[in-house]
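Dear colleague,

I am handing over the structure below, and after it you will find an account of what was found. Please read the account with the structure open beside you.

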Amino acid sequence: MNSFNIQEILNYLPHRYPFLLVDKVVDCVPGEWLTAVKNVTVNEPFFQGHFPNRPVMPGVLILEAMAQATGLLAFKTRGDAPPPENFLYLFVSVDRARFKRQIIPGDQLIMRVELLRVKRDMWKFSAEARVDGDLAAEAELMCAGREVVS
């Protein structure tokens, strides 16, 4: 099993609180797939306004959580440990996004992302998020690896 904890995730992703949306990686086969977890708590800052009387995780943040999981898979596939400080994976497109169930406080979001193809610096993935085995969201995500200059 190829799992890693939050400390290792922080070595790969530039995201930090409140925007880091992956808590751990349960398993990973570089070049193929990765399974990650996001524990959704009532303390998430977005729940204050979405919605105060009925907290629901925004769909765009579910997509972002899945995209962060794709970034982890891409970095592991490239063999970067840790990746260069000036290199990022940026969202390029979201296709076939579907939301099947609301994500609420107390849910554990299990995300599975699969690498579909890589062409130069463009990476395409299929992604799904489940809660208690039920499909909550799915999408095809495309990201581009970019060297950023300060």
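Glu64 is found in helix α2, which covers residues 59-78, where helices and strands are DSSP runs numbered from the N terminus (helices H or I of at least four residues, strands E of at least two). Before going further, please note that this is a predicted model, in which local features need pLDDT of at least 70 and side-chain atom pairs count only at pLDDT 80 or more, whereas totals for chains, interfaces and linings use all residues. Residues are numbered from 1 along each chain as its sequence is written, and side-chain values use heavy atoms, with hydrogens and water left out.

Glu64 is buried yet has no salt bridge, and the nearest side chain of opposite charge, that of Arg16, is 11 Å away. Here buried means under 20% relative accessible area, exposed means over 50%, and partly exposed lies in between, with a 1.4 Å probe and protein chains only. A salt bridge is a side-chain nitrogen of Lys or Arg within 4 Å of a carboxyl oxygen of Asp or Glu; for charge, Lys and Arg count as positive and Asp and Glu as negative, while His and the chain ends are not counted. If residues up to four places away in sequence are set aside, Glu64 touches His15, Phe19, Leu21 and Phe91, contact meaning heavy atoms within 4.5 Å.

The helix α2 itself has 20 residues and reaches 29 Å from its first C-alpha to its last, close to the 28 Å expected at 1.5 Å a residue (the expected span being 1.5 Å times one less than the number of residues). Of the 20 residues of α2, 15 are buried, so the helix is largely enclosed by the rest of the structure. Just after α2, Gly79 takes a positive phi of about 85°.

**The nonpolar core**

The largest nonpolar core has 43 residues, and those with the most contacts inside it are Leu34, Met57, Met66 and Leu72. Such a core is a set of buried Ala, Val, Leu, Ile, Met, Phe, Trp, Tyr and Cys residues joined through side-chain atoms within 4.5 Å. Two or more residues of this core are given by each of α1 (6-12), β1 (24-29), β2 (33-39), α2, β3, β4 (108-119), β5 and β6, and the largest share, 11 residues, comes from α2. Leaving aside neighbours within four places in sequence, Met66 is in contact with Met111, Val113, Ala127, Glu128, Ala129, Ala137, Ala139 and Leu141.

Strand β6 (residues 134-147) pairs in the antiparallel sense with strand β3 (residues 87-99) over 10 bridges, two strands being paired if DSSP finds at least two bridges between them. In this pairing Phe99 stands opposite Ala137 in β6. Strand β5 (residues 122-131) also pairs with β6 in the antiparallel sense, over 10 bridges, and Val131 stands opposite Asp134 in β6. The hairpin of β5 and β6 has two residues between the strands, and in it Asp132 takes a positive phi near 50°.

**Salt bridges**

How many salt bridges does the rule give? The count comes to seven. Arg96 forms one with Glu140, the closest N and O atoms being 3.0 Å apart; Arg96 lies in strand β3 and Glu140 in strand β6, so the pair ties together parts that are 44 residues apart in sequence. Arg96 is exposed, with a relative accessible area of 58%, whereas Glu140 is buried, with a relative accessible area of 18%. Arg96, Lys124 and Glu140 are linked in a network of salt bridges.

Asp121 forms a salt bridge with Arg146, with the closest N and O atoms 2.1 Å apart. Because Asp121 lies in the loop between β4 and β5 and Arg146 in strand β6, this pair ties together parts that are 25 residues apart in sequence. Asp121 is partly exposed at 28% relative accessible area, and Arg146 is partly exposed at 35%. Arg130 forms a salt bridge with Glu128, the closest N and O atoms being 2.8 Å apart.

**Two further residues**

Glu44, in the loop between β2 and α2, is buried, with a relative accessible area of 9%. Lys119, found in strand β4, counts as exposed at 56% relative accessibility.

With kind regards
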